[in-house]
Every structure is written in structure tokens, then in C-alpha cells.
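Take a walk through this structure.

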Amino acid sequence: MSNKNKLLNNQELSMFCDQIAMILNAGITPMEGISIMLEDATTEEGRRILQTILDKCNEGDTFHHSLEASQVFPKYALDMIEIGEQSGKLEEVMRSLAFHYNREESVAKGIKSAVTYPMMIVGMMLIVILVLVIKVLPIFNDVFKELGTEMTGFSKGMLDFGNAVSKYALVIVIVAAVLVAGLFILTKTEGGRAKLKGFLSRFIATRSLYDKIAAGRFASGMALTMSAGLDTDESLAMVSNLVDNSDMIEKINKSKELMAEGKSFADALSLSGIFSNMYSRMISVGFRTGSVDKVLEKIAVGYDEEVDEKMSNLISVLEPTLVIILSVVVSLILLSVMLPLMGVMGSIG
């Protein structure tokens, strides 16, 4: 588990909620379950967190207040657990939370996987090009000088670039290290991640992907809250705190306004642009059959599949594009040197 005041990550939350759900299903109280988990804990941090929860339970506090005392659970999970306790559906809520955070972890891993490989290709591309302009081109330049001529045009420009890189290598390395450190800090702090997500959600190449992620997260949150017995207004209020996409928050607020004007929940979601007409009709049918939470779960799964497909398509386009760009740049550098050299050799022959 995590350090004090640092929230548990999605994987840790999913595991904890799943364990509590299994404990409750076996007829064991949450306090007894925490005691069992404490005996099996393998890390000092895990034991400290579980001991804090157990101490609060022994003092007579409710389960969600005991979890809150550990300071490692997000507000959304605590609110849902409180609802589960009050409605007598704690086991169902814990199982739903486990599924919800497992889905969040899968989406996060998918995004990381989609970004990592192209970044590796870009890194390799830059290394190959730098080796060419810093190490290889000077050798060809010496050959040209021995033949009584010199590089011109594109090859001359690349040679000058390589010389500048070599001359200011230390400065470039320091700047690159600062940029990498800044990016690392940006992805490790809550504020930095929020800014990065905000940029990606507005960037034209990734906007549609993040819209689908936000819609899937909305559907998952609504399914969870409505299965716990909340009405649509209460569910929308809670889920708006879960979604971190500014466009989606605006759409949720618009849905609230439309519902206040007398529109049905399904029509409000459709008119606000949260869901397509097809998904909105599915929700309308779900209300009539009393299974709207199940329909929302299916919609969330549908969006997950769309996100996976879109990321796969993005990778399938990005990878060959980067390889082609690398091949073209390397070919231009070599041809700009080899063709004039062959011309000089031919005139000498």
C-alpha cells in the first residue's frame, strides 16, 4: 500500500474492495475482515493502514469513517461505501467499486502502452539521426576535402547542425535532463497529471479518445451509484466529482438543467451530447424494465471496447508512420552525401 496521505492507486483500491466484498459474502463483518487482512499483510505500510482502520472500528466508528481515518481512500470511494452501509448494500457496492477501479486501471495501462512504444521509436529515431550528423557526416566531409571539394546544400546544413550539437553537447544534455525531470514531475503530481489530461483532452489527435474515456467513466460511475439506490439527480452530482474531463462536466451540468426543465434522464443525456441516441434509447428501455444500472454497465463496457479499438488503430497508424519518417530522414541524409560523392568520383574516373 501507499505512504501516509498518498491515495491508493487503482490497482490497490480494486484489490482492497474485492477482498472486502469476498469477506462480506462469507458472512464476516468488515471489522473482522480488516483483522484477518492485517494478519496477512506483508508490508509495514499495509499493516499501518489496516491497523488505523481496525483501531477506528474498535472505537465504534462506522466502516467508511474508519477508512477515512487512514487518509488513503479517495472521496468517491468513501462516499459510495457510506451509501452502501446506509442502504444495506455494502457487499454489492464493494464489488462494484472493485470492478470500477479495475476498469480504471485497465484504461490507464492501455494509454500508457499506447504512448510508450511510439516514444521509444522517436527516441531511437533521434539517436540514429544524431549519430549520422555527429559521427558519420564529418567522415564524409573529410573525404570531400581530400577530393578537393566540399559538402553543399542539405548535407552541409546537417553537418553544421551536427557540429553545433557537438559544440553545445553539455548545454543540450542539461536542458534535456531538465525537460525530462519536468515531465516526470508533471506525471507524478496530481496537479501535473490534471494539466496533462486537460491538454490531451483538447489536443485534436487525442480529443475523441479522451471523450470516449470520459463517457465510459461517466457510465461506470452512474451504474455504480444507481445500483446503490441513488436517484438520477444524486448520481449525477456524485459522478460529476469523479469525471476529470472539463467537457464532460459541462455536459453533465447541461443534463441537470434539461432534467430541471422536465426532460427525461435519457433525453437529457442525448441532448447534452453525453451519449449517442442509441445508448440513450438503451437507458430509456432500462428505466422501463428496472435495469438501468445493468444497461449503464453494458454501456461502460462498450466504451471500454471502443477505447481499446481506437488506441489499437492509433498505434497501428503511428508505428509505421514513425518508421517511414525515420527511413526518409536517414535516406535523405545519406543520399545528400552519397550522390555528390559519386559524382565527384565519376568525374575523377
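A residue is called buried under 20% relative accessible area, exposed over 50% and partly exposed in between, with a 1.4 Å probe and protein chains only. Asp 304 is buried, because its relative accessible area is 19%.

This is a predicted model: local features need pLDDT of at least 70, side-chain atom pairs count only at pLDDT 80 or more, and totals for chains, interfaces and linings use all residues. Residues are numbered from 1 along each chain as its sequence is written, and side-chain values use heavy atoms, with hydrogens and water left out.

Where does Asp 304 sit? Its place is in helix 15, residues 292-348. Helices are DSSP runs of H or I with at least four residues, strands are runs of E with at least two, and both are numbered from the N terminus. Contact means heavy atoms within 4.5 Å. Setting aside neighbours within four places in sequence, Asp 304 is in contact with Arg 103 and Val 107.

Now the whole chain. The protein chain has 15 helices and 0 strands. Of its 349 residues, 39% count as buried. Among contacts with a separation of 6 or more, 59% join residues 24 or more positions apart.

Ala 215 returns in the next pair. Axes are lines fitted to C-alpha atoms, for helices over the stretch in contact, and angles run from 0 to 180 degrees between N-to-C directions. The axes of helix 10 (residues 207-227) and helix 12 (residues 246-260) come within 9 Å and cross at roughly 50°. Helix 10 is therefore oblique to helix 12. Angles under 35 degrees are roughly parallel, over 145 roughly antiparallel, 65 to 115 roughly perpendicular, and the rest oblique. On the helix 10 side, Arg 207, Asp 211, Ala 214, Ala 215 and Phe 218 meet Asp 247, Met 248 and Ile 252 of helix 12.

Helix 13 (residues 265-272) and helix 14 (residues 277-289) pack at about 170°, with axes 8 Å apart. That makes helix 13 roughly antiparallel to helix 14. Helix 13 brings Phe 265, Ala 266, Leu 269 and Ser 270 to the contact, and helix 14 brings Asn 277, Ser 280, Ile 283, Ser 284 and Phe 287.
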